[in-house]
Amino acid sequence: IQLIGRNSNTQVRNNRIHNNSDNGTTTSTTYGIYSNSTTVDASTDVIIIANNAIYNLNSNSTTMYGITLQGTAPASDNIRVWHNTIVLDRQVGTSVSVAGIHSSVTSVNTEIKNNNIYLNHNSTNTTLNAGLVFSSTTLTAGNPVSNYNNVFVGPNSPNGKFGRRGGTANVWHLSAWQSNTGLDAASDSIDPELIDPFSGNLMPT
């Protein structure tokens, strides 16, 4: 799903995004939801990306992101990324850059809350392989607001981290992420024990 340009009060809700390439041979950059340079008409308008399930993504390209926010500020402001479940666990494309939620902008009035990210991909990429990726070097506790998320890195992802910030700093664990960024004070890093993500049953046990 792709959003570009003016999208005041657009809502991307209740979608199942999965099985983009079952044979695993696609060499295209893979995004579940892609928001690029989105704008709103007024500061009170928002773009909502909520209650989406993203799973069974395959890629032999260099990039696989569940949800990505891109653009040059003030684009990509006023976005709500709420209550999404993102499972990145397909075992293909071992050098892929992997991110559950990726933001390459300094977003104002943007919230990333109550998302469940399960990272269990076998990527050997040691540079960008994390649940939360914020490229900005000027992260603060309110820009964006990121909290109440659960990010779990499974045993098949020895190079997976909780987060990455500033384009260069990999942060392995939740406690270090909290002290390093000031974000996610009430977030968790626990195994959601999803019933059967391969078939799309993303209910925690």
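A salt bridge is a side-chain nitrogen of Lys or Arg within 4 Å of a carboxyl oxygen of Asp or Glu. The structure is a predicted model, in which local features need pLDDT of at least 70, side-chain atom pairs count only at pLDDT 80 or more, and totals for chains, interfaces and linings use all residues. Residues are numbered from 1 along each chain as its sequence is written, and side-chain values use heavy atoms, with hydrogens and water left out.

**Exercise 1.** Determine which residues the salt bridges of Glu 111 join into one network.

*Solution.*
1. Lys 113 pairs with Glu 111, their closest N and O atoms being 4.0 Å apart.
2. Glu 111 also forms a salt bridge with Arg 80, at 3.8 Å from N to O.
3. Through shared partners, Arg 80, Glu 111 and Lys 113 therefore form one network.

**Exercise 2.** State whether Glu 111 and Arg 80 are buried or exposed.

*Solution.*
1. Buried means under 20% relative accessible area, exposed over 50%, and partly exposed in between (1.4 Å probe, protein chains only).
2. Glu 111 has a relative accessible area of 18% and is buried.
3. Arg 80, with 10%, is buried.

**Exercise 3.** Describe the salt bridge between Arg 6 and Asp 41.

*Solution.*
1. The two side chains meet at 3.1 Å, N to O.
2. Arg 6 belongs to strand 1 (residues 2-6) and Asp 41 to the loop between strand 4 (30-39) and strand 5, so the pair ties together parts 35 residues apart in sequence; strands (E, at least two residues) are DSSP runs, numbered from the N terminus.
3. Both Arg 6 and Asp 41 are exposed.

Note on methods:
Helix = DSSP H or I, 4+ residues; strand = E, 2+ residues; numbered from the N terminus.
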